[in-house]
Amino acid sequence: MAVVIDGKAKAASVTEAVRISAEALEAEKGVKPGLAVVIVGNDPASHAYVNSKSKMAKQCGFNSIQHTLPEEITQADLLKLVGELNADASIHGILVQLPLPKHFNSDEVIQSILPEKDVDGLSVLNAGKLATGDLATGLISCTPAGAMLLVRGIHGDDLSGLTAVVIGRSNLFGKPMGQLLLNANATVTMAHSRTKDLAGICKTADILVAAVGRAAMVKGDWVKPGATVIDVGINRIPAPEKGEGKSRLVGDVAYDEASAVAAAITPVPGGVGPMTIAMLMANTVIAAHRAEGLAAPKF
């Protein structure tokens with residue numbers, strides 16, 4: 001059976017390192033890292049997620065600010081708020097919770113955040129830095145950064161000689177994950193819904209990363225024996241065994257099948273998920289150090 005990669009434990013170690021870095025920054029410069037989280041509308045999942053981010057920021061010793069805005073707020077008013085946060089020197093990280101309500105141009109909002117405060121790593125400048133191999137001055141999208149830490153925990157920093165397959169080509173995860181793996185010297189294939197013989201390509205992977213949003217799509221016979229499987233999917237499926245109307249979370253990988261073949265695998269929940277918030281905290285403390293002209297900590 002595969003080693004189960006414990007994302008909760010790794011996330012806890014990252015957030016403890018972030019807390020220590022934040023403490024040291026305050027002692028040296030009298031500055032607390034500042035994180036502003038903006039949420040628009042009433043989506044319950046988004047509110048739960050934002051609350052957990054704000055709680056974690058406080059645990060890390062940050063100055064944590066939350067702006068909760070009504071759904072009917074205009075694009076112009078939201079952009080005005082982002083502009084004010086850009087200009088506020090006490091705020092080092094700005095996060096606008098996605099998805100925004102349908103009447104917003106989300107991309108315009110995200111790109112209006114100063115790249116040095118873009119702790120979600122979604123600005124074109126930060127994406128471009130990652131694509132050109134500049135991991136030292138940009139901010140990296142949180143979920144791929146977290147997934148990469150889990151890969152490094154198994155394989156080390158240098159992935160020379162290893163093949164990696166990423167299923168999914170989103171700007172949020174798939175593309176930056178591919179860039180991170182490439183930067184670590186893996187030979188990377190980007191696969192997606194239109195890839196021919198997807199199962200056959202997956203079976204070549206020493207490191208298989210699934211981010212497609214389809215429950216249990218990746219079967220056990222897609223996995224190369226001894227591979228590392230990183231499951232980024234979060235899918236809610238019916239769970240009648242828990243009672244009427246109940247559901248449970250599963251990944252994009254058929255876990256029981258894959259874990260019988262793989263050498264290491266992330267569970268869902270408890271794998272990549274906890275790493276996302278941990279890396280958001282890491283990006284905020286990195287941004288705060290840079291704003292003060294200090295070398296950024298490494299995680």
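Colleague: How many residues of β2 are buried?

Modeller: First the term: buried means under 20% relative accessible area, exposed over 50%, and partly exposed in between, with a 1.4 Å probe and protein chains only. In β2, seven of the seven residues are buried, so the strand is largely enclosed by the rest of the structure.

Colleague: What should I know about the model before going on?

Modeller: This is a predicted model, in which local features need pLDDT of at least 70 and side-chain atom pairs count only at pLDDT 80 or more, while totals for chains, interfaces and linings use all residues. Residues are numbered from 1 along each chain as its sequence is written, and side-chain values use heavy atoms, with hydrogens and water left out.

Colleague: Which strands form an open sheet with β2, and in what order?

Modeller: Helices (H or I, at least four residues) and strands (E, at least two) are DSSP runs, numbered from the N terminus. Two strands pair if DSSP finds at least two bridges between them. Here three strands form an open sheet in the order β3-β2-β4, with parallel pairing. Its edge strands are β3 (63–69) and β4 (93–96), each of which pairs on one side only. From one strand to the next, the twist averages 15°.

Colleague: How many bridges join β2 to β3, and how many join β2 to β4?

Modeller: Seven bridges pair β2 with β3 in the parallel sense. One example is Val40, whose bridge partner in β3 is Leu69. Strand β2 (residues 34–40) pairs with β4 over four bridges, also in the parallel sense. On that side, Val37 has Leu95 of β4 as its bridge partner, and Ala36 stands opposite Ile94 in β4.

Colleague: Which strands does helix α2 touch?

Modeller: Contact means heavy atoms within 4.5 Å. For directions, axes are lines fitted to C-alpha atoms, for helices over the stretch in contact, and angles run from 0 to 180 degrees between N-to-C directions. Helix α2 (residues 44–59) packs on the sheet and touches β2, β3 and β4, its direction making about 160° with that of β3. Helix α3 (residues 75–87) also packs on the sheet, touching β2, β3 and β4, at about 175° to the direction of β2.

Colleague: Which residues of α7 are buried?

Modeller: They are Gly174, Pro176, Met177, Gly178, Leu180 and Leu181. These buried residues pack against α5 (124–131), α6, β5, β6 and β7. After α7 comes Asn185, with a positive phi near 80°.

Colleague: How many disulfides does the structure hold?

Modeller: A disulfide is a pair of cysteine sulfur atoms within 2.5 Å. The structure holds zero disulfides. Cys142 is in none, and its nearest cysteine sulfur, that of Cys60, is 12 Å away. Cys142 is buried, with a relative accessible area of 3%.

Colleague: Which residues does Asn283 touch?

Modeller: Leaving out residues up to four places away in sequence, Asn283 touches Val119, Leu139, Ile140 and Cys142. Asn283 is found in helix α10 (residues 273–291) and is buried, with a relative accessible area of 6%.
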